[in-house]
Amino acid sequence: MNKTKIFLHICCKAGKRSCFCGKPSKLNSMKFFHLLPAACLLLIFQNIVAQNNPVPTERKCGTMEHLEWLKQQDPGLEARMEKTEADMQAWIKNHPPVTHAVVTIPVVVHVVWNTGSGNIPDQYIQQQIDVLNKDFRRQNSDWTNTPAVFQPLVADCEVEFCLASKDQNGNPTNGIIRVQTSVSSFSHSANEEIKYTALGGSDAWNRDKYLNLWIGPLGGGLLGWATFPNVPAAGDGVVISSSSLPGPPYGGAFDLGRTAVHEIGHWLTLYHIDGDANCGDDQVSDTPTQDMLHSGCPTAPLHTNVCSGSANGEMFMNYLDYVDDACMVMFSSGQKARMVACLNNWRSSLLTSAATNCAAVSTLDAGILSIVSPNWVVCNTTFTPVVKLNNYGINTLSSCTINYRIDANPNQTFNWTGSLTTGQSANITLPSMITTAGTHTFTSFTSSPNSSTDGTPGNDQSSVTFIVSNTGLNLPVVEGIENPVFPPAGWTLNNPDGLTTWSRTTLAKKTGSASMFMDNFDYTAKGQDELISPVLNITAVTNPSLTFQVAYQLYTDPSASPNFSDTLRVEISTDCGITWTNLYNKYSTQLTTVTPTFSTVEFVPDASQWRLETISLTPYSSAAKALIKFRHLSNYENNLYVDDINITGVVGINDTDMDTGIRIYPNPASGKFWVSIPSGQASGIEVYNVFGEKVYSEKTLTPIVIGAKSLILNLDLPNGIYFLRVSAPSEQEKTGIETIHAKIVIQ
Ligand SMILES: [Zn+2]
């Protein structure tokens, strides 16, 4: 972790962004090559590949080393994998082998290239997909090289692969992303830079829809590595060396595309056939126990009677051994059972993904990509919808009908005209709508693109649930993060990068049993994360304030690097989230709550390591619909915790002040207020407007005393909220003067 943190800071701090942190350019074509005849192209390509991608002389798979590294970073991974293994064995036992429908897995290929030779042409990528489809379907002609004793075990795994035809937004793609990088060779340990755009690689697409296959220059003689299903989504997938693809330019013993077959086997939960130990267990019953992984191209039978005592020898020709590409030719039925179990349980969303993500692209295909407004909260019963119209089709979209409705009400229609090319979208403002307070659904869909028929109706519609909150929640709002459901009821999370965000934890708390925190220790991006309050009515209390407990420690020594810190902000909006005003902004040693202020160990505070923060909301006392948000800006440092959020004030403006017994009534009033003072004396009354300006004061109170203990205050002021300051003898202490503040409303 040390290395990770230091690396991220070195490379991603302002002023040092030139290394990997800028967004690498994505190239869709190789203009240089397009200028040359094909034969000439091949010759040039062969030469530069040979120069820049030295062909490994032995197979080296980084999967198990990478897994060990992941386990060090993620203490829960081992237990999750053990549970998966037990569940998998049980599933296989309860699901005897049958012929399945063939599962097709959409693949997105990330070509991350440093020098031109790494920018592998589409044709070789398609050849790689073809190899996968042959090998996983037992359609490779060389499977018959399997020794006769093992041939009955050779399985048609009933898994195929397709290059994605639709990207994550549903727009047309060829399934190949090209990213030029300044990284000359990638590693399977450390940060796995090839998988992250910010580190010079290419961010994964949604692993629930695609197999991410990264192809790039790998260091240390690596041919590839893969992840098992229990790893975090952002790093899930398969990495292979650009030298391992099938095709004439690549050469060597690993040039038939079987590195990808081997690694995808891992990705579908297969282990090396020797169980990565001398006579180890690969959790597959029909593969012989092996003493080792083999190299080159052995002759069968090999290593008879070494581990299993079988004269049949070892199954070195299995894709999960280490032999040359030309000599690995088969998966066994037991391995197939694991892969089928994996696809039906831990990667089950891929069973049906191809129907959408490898579907043919329509020429005419419009749709509502998302609802921009309303989103999560609307502060008025009248609102103006905004939808994002997208052209998913090949043809330019010049017109369509946008249908929209609230709940199950009849559709309204809006005729849009304009020009959107393939993959382009535009925000379309629709006519205003009126609804009622409460929870509603807004739905919008397209029809009649270019006055014709939509080729893919399945992506036409989007809908959103939203809350119309035309009255704010009365204070106090007390949130101790005690309920296991997070975010708390009425609160909203905004997590733009979809990665680490505010979450509940029971590992640390100021009071109760839980708090909320930002896991900066493991956050791999510079994200902004927000927790937003319900709509609040601040007008009904006196002296409104926000208090919360915070706990924070840095990772980096602030005396060495004063600018390395995560940041906590608190902001308020009085216009339903359109604009925000900063109330609180702390970072570095302003924010830390412990000594020492930094630690390279993950920060988990005890109850003594918190600080109470208090923010006055008095300037916003007139806000009947306020939103407050906790906004966090991550910068790879250490964990930040928040607990005991209280948004409150002196509640009930008619209530008797506890210390002095002073009452003000009626309230609100048209300007005439009665002030009841138990002692019958007041040494001064002052009235302030919401800007803090004194608009009334009275020091000689005797003439207006009515009866023994009350006085009348006649205020000739515009309607609005005012603050009353009354000084009177203390009832409790019987000595001295006490001053109370009360809010009054003139209407
Ligand atoms: Zn391997």
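## Asparagine 212

Asparagine 212 is buried, since its relative accessible area is 0% and a residue counts as buried under 20%. The model described here is predicted. Asparagine 212 belongs to strand S4, which covers residues 211-216. Its side chain makes a polar contact with the side chain of histidine 110, at 2.8 Å.

What else is asparagine 212 in contact with, once neighbours within four places in sequence are left aside? Besides His110, the list holds Val108, Ala204, Trp205, Arg207, Asp236, Gly237 and Val238.

## The chain as a whole

The chain contains ten helices and 37 strands. It has 747 residues, and buried residues make up 52% of them. The accessible surface comes to about 31500 Å², and carbon and sulfur atoms account for 52% of that surface.

Among contacts with a separation of 6 or more, 73% are between residues 24 or more positions apart.

The largest nonpolar core has 58 residues. Within this core, Phe136 and Phe161 have the most contacts. Several elements each supply at least two of its residues: helices H5 (77-94), H6 (122-136), H7 (258-267) and H8 (333-345), together with strands S1 (103-113), S2 (159-163), S4 and S6 (238-241). Apart from this core lies another, of 33 residues, which includes Met516, Leu531, Val541 and Leu617.

Phenylalanine 161 can be followed in detail. Not counting residues up to four places away in sequence, phenylalanine 161 touches Thr104, Ile105, Val107, Ile129, Leu132, Asn133, Phe136, Leu211 and Ile264. One of these, Phe136, is the other residue named for the most contacts inside the core.

## Helix H7

How many of the ten residues of H7 are buried? Ten of the ten are buried, so this helix is largely enclosed by the rest of the structure. The buried residues of H7 are Arg258, Thr259, Ala260, Val261, His262, Glu263, Ile264, Gly265, His266 and Trp267.

Threonine 269 follows H7 and has a positive phi, near 80°.

## Two open sheets

Strands of a sheet pair through backbone hydrogen bonds, either parallel or antiparallel. Strand S25, residues 567-573, pairs with S26 in the antiparallel sense over six bridges. Glutamate 571 has asparagine 582, in S26, as its bridge partner.

Another open sheet also has five strands, in the order S8-S16-S15-S11-S12, and here the pairing is mixed. S8 (377-378) and S12 (412-420) are its edge strands, each pairing on one side only. Strand S11, residues 397-406, runs antiparallel to S12, and seven bridges join the two. In S12, tryptophan 416 stands opposite cysteine 400.

## Cis peptide bonds and positive phi

Most residues other than glycine have a negative phi, and most peptide bonds are trans. Several places in this model depart from that pattern. A cis peptide bond joins alanine 300 and proline 301, with omega about -5°. Proline 301 is placed in the loop between H7 and H8. Another cis bond runs from leucine 475 to proline 476, with omega near 5°. Proline 476 is in the loop between strand S17 (473-474) and strand S18 (477-479).

Cysteine 279 is not a glycine, but its phi is positive, near 60°. Cysteine 279 lies in the loop between H7 and H8. With a relative accessible area of 34%, cysteine 279 is partly exposed. Aspartate 644 is not a glycine either, and its phi is a positive value of about 55°. Aspartate 644 lies in strand S29, residues 640-651. Is aspartate 644 buried or exposed? Its relative accessible area is 15%, and the limit for a buried residue is under 20%, so aspartate 644 is buried.

Technical notes:
Residues numbered from 1 in each chain as written. Predicted model: local features only at pLDDT ≥ 70, side-chain atom pairs only at ≥ 80, totals over all residues. Heavy atoms only, no water. Helix = DSSP H or I, 4+ residues; strand = E, 2+ residues; numbered from the N terminus. Buried < 20%, exposed > 50% of the residue type's maximum accessible area, 1.4 Å probe, protein only. Contact = heavy atoms within 4.5 Å. Areas by Shrake-Rupley, 256 points an atom, 1.4 Å probe, with all protein chains shown as cover. Pairing = 2+ DSSP bridges. Polar contact = N/O pair within 3.5 Å; in protein donor to acceptor, adjacent residues only side chain to side chain. Core = buried A, V, L, I, M, F, W, Y, C linked by side-chain atoms within 4.5 Å.
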